[in-house]
Amino acid sequence: MSVTLAIAVGLLMGVVFGFALEKSRVFEPGIIVGQMQMRNFIMLKVFLAAVATGAVVLAALNGFGYVKLAPKAALYGADIVGGLILGAGIALAGACPGTTLAQIGAGYRDALFTLVGGLFGAVAYSYAEPALSKTFLGQGGGKLIFSDLAGIPYWVGALILAAAIVVILVALESWRPWRPELGNDVDGDIASTLAASAKTIHIVPAE
Amino acid sequence: MLTQKAWSPYVAGIVIGLLQIPAFLIIETALGASSSYVTIGGLIASWFDPALLKIGYVARHVAINAKNWWQVALVGGIAVGAFVSMKMSGARRQAIAPIWQRALGSASPAKRYAVAFFGGFIMLFGARIADGCTSGHGLSGMAQLAVGSTVAVAAMFVGGIATATLVLRRI
């Protein structure tokens, strides 16, 4: 495929991605930090809904032979060490690599610093990569997927995952309905919303 | 619907998940975001240090091919999509989200910018060690039932929860 066409497709897909991230409010620092402090579960809801949808889509596309899967190799040392550092970064940035751009689009100025920090981080890793890939971080197995371990076709495993996620989401939604989690300013700032409503309720009438 | 301030997280999640269809059918790859930071960062850094391109990892990421630049366009498109969605709903954001004053215990923009820069730095350093982020390992890896991706996502949440609980203040 030509690079120009790939860029056009990427832009179009990115606009849809950014639109959905903005509408879901999952890009809000209040929702991401709120998730990591276990006060707000919108991030988990969006994430699991997207994983389940992707699993159903890929079960069909792969099951009918239209596409090959492209899982990443299982590098446990790198997955654990990298994942822990990445998670710490997500909490401090209040964003992940994709939602940083949604924050910039929505007008958060600090996200520009996150972006530049991210570019420096990627370049720093690039300099370190030849050395790091010789350590335990470069060691690992092949492209291992759970359905192969269980000895079932991928599409069956993917549909089981999607069904399990639906059950989890139904339970999550009945425990924590999503609307109150948005807050008054749809930014996941539940504490301010609660404080504002407390003020309205406890206001003392003038004489 | 397009002018609403918020959608149900389930509807938005389904839209995001459906993006795997064009990704796999047209580009023959899965959704991802963090490689594009190597493409752009590596390209810019190579203007100052051309020797950087001798590192195979960098050369692979800055190469002009469909996958590399599709992802750069995808990530750039996210900013455009979020901007358009925001304008259509009429929502307005402050320069810094109000939660940061509580999370950092300081209203200083300089402190927030420094934390954002550091957070962004380790976010991408970690993502590149793990070979993927919330999109590549999370959305795509878990949907493909990848064992390594599931381990990476678990580690991300452990690192994120520990940091948000121990380093940041209650928001």
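# Reading helices and contacts in a predicted two-chain model

User: How many residues does helix α9 (residues 147-166) of chain B have, and how far does the helix reach from its first C-alpha to its last?

Analyst: Helix α9 of chain B has 20 residues. From first C-alpha to last, the span is 29 Å, close to the 28 Å expected at 1.5 Å a residue. Keep in mind that this is a predicted model.

User: Which residues of α9(B) are buried?

Analyst: The list is Val147(B), Gly148(B), Ser149(B), Val151(B), Ala152(B), Val153(B), Ala155(B), Met156(B), Gly159(B), Gly160(B), Thr163(B) and Ala164(B).

User: What covers the buried residues of α9(B)?

Analyst: Both chains contribute. The cover includes α2, α4 (76-93) and α7 of chain A. From chain B it includes α7 (109-130) and α8 (134-143).

User: What does Ser149(B) touch, not counting residues up to four places away in sequence?

Analyst: From chain A, Ser149(B) touches Pro71(A) and Lys72(A). From chain B, the partners are Gly132(B), His137(B), Gly141(B) and Met142(B). Look at Gly132(B): 17 residues separate it from Ser149(B) in sequence, and the C-alpha atoms are 8.2 Å apart.

User: Now chain B as a whole. How many helices and strands does it have?

Analyst: Chain B has nine helices and zero strands. The elements read α-α-α-α-α-α-α-α-α from the N terminus. Its C-alpha atoms fill a box of roughly 45 × 40 × 35 Å along the principal axes. Of its 171 residues, 58% are buried. Take the contacts in chain B with a separation of 6 or more: residues 24 or more positions apart account for 52% of them.

User: How is the size of an interface often given?

Analyst: The usual figure is the accessible area lost when the parts come together. Chain A gives 118 residues to the contact, and chain B gives 118 residues. On the side of chain A that touches chain B, helix α1 (residues 3-24) of chain A gives the most, with 19 residues. That side of chain A divides into 81 nonpolar, 25 polar and 12 charged residues.

User: Which residues is Gly121(A) in contact with, leaving aside its neighbours within four places in sequence?

Analyst: Gly121(A) contacts Gly120(B), Phe121(B), Ile122(B), Met123(B), Leu124(B) and Phe125(B). Gly121(A) itself lies in helix α6 of chain A. It counts as buried because it has 30 C-beta neighbours inside 10 Å.

User: How are two packed helices described?

Analyst: By the angle between their axes and the distance between the axes. Take helix α5 (residues 99-106) and helix α6 (residues 110-132) of chain A: their axes come within 8 Å and cross at roughly 145 degrees. The crossing of α5(A) and α6(A) is left-handed. On α5(A), the contact uses Thr100(A), Gln103(A) and Ile104(A). On α6(A), it uses Ala111(A), Leu112(A), Thr114(A), Leu115(A) and Gly118(A). By class, this contact has four nonpolar, four polar and no charged residues.

User: Where do residues three or four places apart point in an α-helix?

Analyst: They point the same way, because an α-helix has 3.6 residues a turn. Now look at helix α8 (residues 154-175) of chain A. It has 22 residues and reaches 31 Å, close to the 32 Å expected. The buried residues of α8(A) are Tyr154(A), Gly157(A), Ala158(A), Leu161(A), Ala162(A) and Ile165(A). They cover an arc of only 135 degrees around the axis, so they lie on the same side of α8(A). They pack against α3 (42-63) and α7 (146-150) of chain A. On the other side of α8(A), Val167(A), Val170(A), Ala171(A) and Ser174(A) are exposed.

How values were computed: Residues are numbered from 1 along each chain as its sequence is written. Chains are lettered from A and ligands numbered from 1 in the order in which they are written. This is a predicted model: local features need pLDDT of at least 70, side-chain atom pairs count only at pLDDT 80 or more; totals for chains, interfaces and linings use all residues. Helices (H or I, at least four residues) and strands (E, at least two) are DSSP runs, numbered from the N terminus. A residue is buried if 20 or more other C-beta atoms lie within 10 Å of its own, exposed if 12 or fewer, and partly exposed in between; C-beta atoms are placed from the backbone. Two residues are in contact if their C-beta atoms, placed from the backbone, lie within 7 Å. Ala, Val, Leu, Ile, Met, Phe, Trp, Tyr, Cys and Pro count as nonpolar, Asp, Glu, Lys and Arg as charged, and the others, Gly among them, as polar. Axes are lines fitted to C-alpha atoms, for helices over the stretch in contact, and angles run from 0 to 180 degrees between N-to-C directions. A crossing is left-handed if the near helix is turned anticlockwise from the far one by less than a right angle, and right-handed if clockwise. The expected span of a helix is 1.5 Å times one less than its number of residues. The arc is that of the directions from the helix axis to the C-beta atoms.
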